[in-house]
Amino acid sequence: MYRIKSETDPNSDEFKKNKKDFLDILKDYKQKLDSVINGPSEKAVAKHKERGKLLARERINLLVDKNTPFVELSTMAAYNMYDNSFPSAGIITGIGRIHGQETIIIANDATVKGGTYIKETIKKHIRAQEIAMQNKLPCVYMVDSGGVFLPEQSKVFPDRFDFGRFFYNQARMSADGIPQIAIVMGSCTAGGAYVPAMSDETIIVKNQGTIFIGGPPLVKAATGEEVTAEELGGAEVHTTESGVADHFAENDKHALQICRNIFETIEIQPKQDLKLSSIEEPYYDPEELYGIAPVNFRKSVNSKEIIARLVDGSRFHEFKPRYATTLVTGFANIMGFPVGIIANNGVIFSETSLKGAHFIELCTSRNIPIIFLQNITGFIVGKEYERKGIARDGAKFVHAVANANVPKFTVVFGGSFGAGNYAMAGRAYDPNLLLMWPNSKISVMGGEQAANVLIQVKEDQLKARGKTFDSKEKEALRESILKKYEEEGSAYYSTARLWDDGIIDPIDTRNVLALGIAASLNRKYKETKYGVFRM
Ligand code: COA
């Protein structure tokens with residue numbers, strides 16, 4: 001493969017200015033991230049530690065193989081919601097390796113409202129299970145939770161993807177041959193009791209873990225029986241009498257060691273083969289992404305400059321380099337894994353859509369994972385393009401993306417607007433991972449375009465009634481729409497609501513994608529079958 005020849009000059013004023021602005025964005029992101037990680041109250045953390053318990057992230061660090069990465073997902077879930085009283089939505093999820101096996105870890109954070117579940121906690125728990133199902137990854141549940149956050153019960157209890165979905169998923173995952181291990185490190189109440197009860201093997205920690213369908217206050221109210229939590233459902237009871245748990249652990253560290261020992265007996269078959277190459281660092285320094293990534297969305301960015309800093313040796317075998325150049329397509333390697341890359345380089349035209357659909361067919365016929373690099377304002381609009389059938393050709397692109405059964409990974413490095421989000425494997429298209437850079441934005445259209453559309457609609461309405469739109473009111477409407485889109489279009493608004501799997505520093509993109517691809521090899525890729533393309 002040829003090396004991309006970069007046209008970026010890291011000594012230019014433009015590059016330096018972009019880098020400076022991007023580093024400000026990155027600093028702000030890291031401060032926000034820090035505030036989330038240190039979000040739980042000092043009092044709750046102290047109380048937790050006094051009980052001899054490890055914090056959720058400490059538990060995870062001890063569970064995964066030494067010196068291997070744990071890719072934490074959606075760390076900023078529920079950010080700027082509920083007065084920031086649910087940092088990380090009270091649950092830590094991610095992908096790590098245990099005895100070399102990529103594994104999903106779901107750990108309650110009991111220092112956040114007793115590890116109870118609000119809507120975003122549930123979304124995060126279910127999203128992690130979905131990743132386990134999609135990739136056939138074993139799942140470890142570290143349970144330390146008071147169950148549903150009762151004031152929010154109507155938003156978390158009864159619906160299809162609410163609390164009950166955890167156990168439905170556990171049953172389906174089990175039937176699919178996915179190993180699930182529960183470590184009960186704290187409370188496990190009511191419906192929560194089914195997490196360990198439905199796992200393959202369950203470990204429970206002495207004097208800490210409890211499992212019961214109804215806690216002592218409920219038992220007293222219902223039957224008058226007075227009983228302590230330990231007598232009702234502690235480690236002793238469940239490992240000697242009820243059989244609800246299988247392994248008795250002296251403390252957190254012991255429980256984590258038992259879990260690692262269980263993993264020595266776990267192996268997932270069959271796996272997907274990919275033709276691997278030796279790993280090569282990019283020829284162009286990934287840190288230069290800071291000087292290239294779009295800060296000002298009015299400025300166009302050549303996505304080949306981004307690709308050159310993500311792929312092995314900066315080598316890229318471009319497909320149709322001379323045709324429909326607003327979409328860059330081609331093959332490369334990321335940490336030795338072969339990938340197809342589809343990157344925006346401007347708006348999507350009819351021919352762009354056809355090129356995209358054709359390239360997806362190449363990747364699915366060769367069983368190669370696809371990386372979508374999004375920086376898209378949308379599909380082209382206007383009389384000429386409608387007549388040429390942009391909707392017809394756009395539909396082919398969307399159709400191909402939706403049916404492609406190879407793993408898909410989406411990185412939003414700039415804007416993600418309009419139906420371009422769909423064609424480029426947005427959340428609704430089930431990419432294996434969807435990651436945002438901190439500068440990125442996502443909304444149905446840009447704020448200015450939305451303001452102009454709404455002003456035009458209002459103007460037409462008033463005109464039909466023989467009135468005119470007062471310029472002051474017009475400006476007030478524009479301001480309010482711009483403000484709303486600015487807030488709702490930010491990567492933080494998206495990640496708080498689990499529209500993505502997390503915000504990442506651009507230079508981590510290679511590593512996160514590589515772990516995602518490695519994880520995808522645990523399930524054989526399904527054959528792709530396309531339906532009817534509108535020709
Ligand atoms: N709903 C709402 N809030 C809850 C809650 C629940 N189910 N369980 C705990 N909390 C809140 C507490 O009010 C407290 O809030 P604060 O930090 O604002 O004061 C915080 O979580 C920590 O609870 P606390 O009892 O002080 O901590 P703990 O570590 O001693 O005990 C539990 C944690 C989960 C064991 C205990 O709170 C408990 O038993 N909760 C009820 C569990 C239950 O019956 N759930 C049924 C729902 S399915």
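Biologist: Which helices and strands each supply at least two residues to the lining of the largest pocket?
Modeller: At least two lining residues come from each of β11 (370–376), β12 (408–417), β14 (441–443), α18 (447–464) and α19 (471–488), where helices (H or I, at least four residues) and strands (E, at least two) are DSSP runs numbered from the N terminus. This is a predicted model, in which local features need pLDDT of at least 70 and side-chain atom pairs count only at pLDDT 80 or more, while totals for chains, interfaces and linings use all residues. Residues are numbered from 1 along each chain as its sequence is written, and side-chain values use heavy atoms, with hydrogens and water left out.

Biologist: And how much space lies in that largest pocket?
Modeller: The largest pocket holds about 1000 Å³, and of its 38 lining residues, Phe-297, Thr-377, Phe-417, Gly-446 and Gln-449 are the closest to its centre. A pocket here is an open set of points on a 1 Å grid over the protein atoms alone, with protein on both sides within 12 Å along at least five of seven lines, and lining residues have an atom within 4 Å of a point.

Biologist: What classes of residue make up its lining?
Modeller: The lining of the largest pocket divides into 16 nonpolar, 17 polar and five charged residues, with Asp, Glu, Lys and Arg counted as charged and Gly among the polar ones.

Biologist: What about the second largest pocket, what is its volume?
Modeller: Its volume is about 620 Å³, and 28 residues line it, with Phe-70, Val-71, Glu-72, Asp-508 and Val-512 nearest its centre.

Biologist: Changing topic, how many cavities of 30 Å³ or more turn up?
Modeller: The search of the whole structure finds one, a cavity being a set of grid points where a 1.4 Å probe fits but cannot get out. About 120 Å³ of space lies in this largest cavity, and 18 residues line it, among them Asn-108, Tyr-117 and Val-143.

Biologist: Which element gives the most to that lining?
Modeller: That is β4, with four residues, and the lining of the largest cavity as a whole has ten nonpolar, eight polar and no charged residues.

Biologist: Now the ligand: how many residues surround it?
Modeller: The count is 13 residues (each with a heavy atom within 4 Å of the ligand), and the closest include Arg-51, Lys-113 and Leu-150. Five of the shell residues are nonpolar, five polar and three charged.

Biologist: What lies 2.7 Å from an oxygen atom of the ligand?
Modeller: A polar side-chain atom of Arg-51 does, while Lys-47 places a polar side-chain atom 3.0 Å from a ligand oxygen, and a backbone N or O atom of Leu-150 lies 2.9 Å from a ligand nitrogen. The protein covers 52% of the 860 Å² of accessible area that the ligand has on its own, by the Shrake-Rupley method with a 1.4 Å probe.

Biologist: Last one, how many salt bridges are there?
Modeller: The count comes to 31, taking a side-chain nitrogen of Lys or Arg within 4 Å of a carboxyl oxygen of Asp or Glu. One of them joins Asp-65 and Arg-260 at 2.8 Å, N to O. Asp-65 lies in the loop between α3 (56–63) and β1, and Arg-260 in helix α11 (residues 252–263), so this pair ties together parts that are 195 residues apart in sequence.

Note on methods
A polar contact is a pair of N or O atoms within 3.5 Å; within protein, one must be able to donate a hydrogen and the other to accept it, and residues adjacent in sequence count only if both atoms are side-chain atoms. Grid points are joined across faces, edges and corners, and a volume is the space filled by probe spheres set on the points.
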